[in-house]
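Please inspect the sequence and the model before reading on.

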Amino acid sequence: MNKRTVSPIKRRPSRQIMVGDVPVGGDAPISVQSMTNTETTDVAATVAQIQRLEEAGADLVRVSVPSMEAAEAFGKIRQQVAVPLIADIHFDHKIALRVADLGVDCLRINPGNIGKEERVRAVVDKARDKGIPIRIGVNAGSLEKRLQRKYGEPTPEALVESALDHINILERLNFRDFKLSLKASDVFMAVAAYRLIADQIEQPLHLGITEAGGLRSGTVKSSVGLGMLLMDGIGDTLRVSLAADPVEEVKVGFDILKSLRLRSRGINFIACPSCSRQNFDVIGTMNQLEERLEDIRTPLDVAVIGCIVNGPGEAKEADLGITGGSPANLIYLNGRPSRKLSNDDLLDEFERMIRERVAQQQAADEDVIVRSGQAD
């Protein structure tokens with residue numbers, strides 16, 4: 001097995017729940033999710049965005065449902081998309097009851113914010129009857145007033161106490177199919193809170209650095225915070241919160257998981273930053289390859305190295321690689337020199353070879369599935 005495909009991370013044991021047909025927790029892959037930012041009542045726009053997120057690889061999609069009008073729109077949206085949907089609801093238990101009847105796959109709702117106990121019980125009973133899990137979402141920006149007075153400001157301990165208060169409500173009602181998030185925009189606070197809660201509950205943890213920022217700064221902040229937790233084995237599903245196109249959240253989420261070898265989806269590029277030794281335009285080639293090959297979902301390691309200093313070593317470890325050389329660049333296939341390419345036809349020909357290699361891998365995977373079925 002290629003060493004690049006094996007992660008040394010030992011994941012935290014957790015109870016597995018089902019969000020639609022997607023398992024979360026246990027030994028399931030860490031799922032990547034995002035959230036729509038269209039008006040939920042605009043059914044066509046929301047459906048279109050969800051479909052774009054699904055095409056980008058989102059395992060789960062969250063939709064804000066702030067009103068009964070939005071709940072009715074949610075029902076229409078649910079009928080038009082395949083990916084599991086999570087309804088984001090605050091305070092009004094009637095909205096939760098309605099979307100439960102309309103086919104929601106998970107309720108993001110804090111039991112302590114619903115109000116009277118009979119309202120909480122009604123939502124929990126409905127969720128139990130329909131097999132719908134709940135996500136408790138604790139956020140540093142919306143801590144309960146009691147905890148604000150007690151701690152003076154958001155702290156990791158305050159986030160954990162808020163979470164345990166909500167969890168206790170569900171446990172009193174004998175409901176255990178839930179996941180939990182403890183989000184803060186401060187990396188240190190979020191990481192400390194997740195670490196504190198990780199050993200106290202068995203349920204899956206939803207990771208996120210909330211309000212992380214724009215595409216560049218939010219990606220960096222999320223990568224640092226989520227990376228620290230994932231390296232600890234903490235995390236069963238994640239969202240990268242960016243002030244950007246939600247599709248970018250999915251891409252960044254998968255890139256984080258790929259870098260830690262926790263998910264394999266699409267091409268994993270190993271590319272040099274380029275220098276004066278390069279024998280072809282590495283940066284331009286990489287930009288073009290990433291754009292052209294976005295549709296590929298089959299895992300593949302591809303090395304793009306501009307010169308012979310590190311090129312042969314990296315290319316030998318990849319499924320397919322190109323090393324800059326003079327008078328021509330050298331292609332490696334499965335670790336062995338294959339052919340040479342001039343700069344003139346490098347991009348088109350290398351793309352063709354990658355797609356050919358992907359097709360071969362897909363055919364091999366399908367053959368294994370067929371033979372496995374025949375053996376059964």
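**Exercise 1.** Decide whether valine 220 is buried, partly exposed or exposed, and state which patch holds this residue.

*Solution.* Valine 220 has a relative accessible area of 49%. Buried means under 20% relative accessible area, exposed over 50%, and partly exposed in between (1.4 Å probe, protein chains only), so valine 220 is partly exposed. As to its place in the chain, valine 220 is found in helix H8 (residues 215-231), where helices (H or I, at least four residues) and strands (E, at least two) are DSSP runs numbered from the N terminus. Val220, Val224 and Met228 form a nonpolar patch on the surface, and together they have about 230 Å² of accessible area. Patches are made of residues with over 30% relative accessible area and no salt bridge, with like charges joined within 9 Å and nonpolar side chains (Val, Leu, Ile, Met, Phe, Trp, Tyr) within 5 Å; the areas come from the Shrake-Rupley method with a 1.4 Å probe, and for residues only the protein chains shown count as cover.

This is a predicted model, in which local features need pLDDT of at least 70 and side-chain atom pairs count only at pLDDT 80 or more, while totals for chains, interfaces and linings use all residues. Residues are numbered from 1 along each chain as its sequence is written, and side-chain values use heavy atoms, with hydrogens and water left out.

**Exercise 2.** Which residue forms a salt bridge with aspartate 88, and where do the two partners lie?

*Solution.* A salt bridge is a side-chain nitrogen of Lys or Arg within 4 Å of a carboxyl oxygen of Asp or Glu, and the structure holds 30 of them. Aspartate 88 is paired with arginine 62, their closest N and O atoms being 2.6 Å apart. The pair links distant parts of the chain, since aspartate 88 lies in strand E5 (residues 85-88) and arginine 62 in strand E4 (residues 60-64), 26 residues apart. Both aspartate 88 and arginine 62 are buried.

**Exercise 3.** Describe the salt bridge between glutamate 351 and arginine 355, and name the network that includes them.

*Solution.* The closest N and O atoms of glutamate 351 and arginine 355 are 3.1 Å apart. Both residues lie in helix H12 (residues 346-375), four residues apart, about one turn of the helix. Glutamate 351 is buried because its relative accessible area is 15%, whereas arginine 355, at 31% relative accessibility, counts as partly exposed. Finally, Arg292, Asp295, Asp348, Glu351 and Arg355 are linked in a network of salt bridges.
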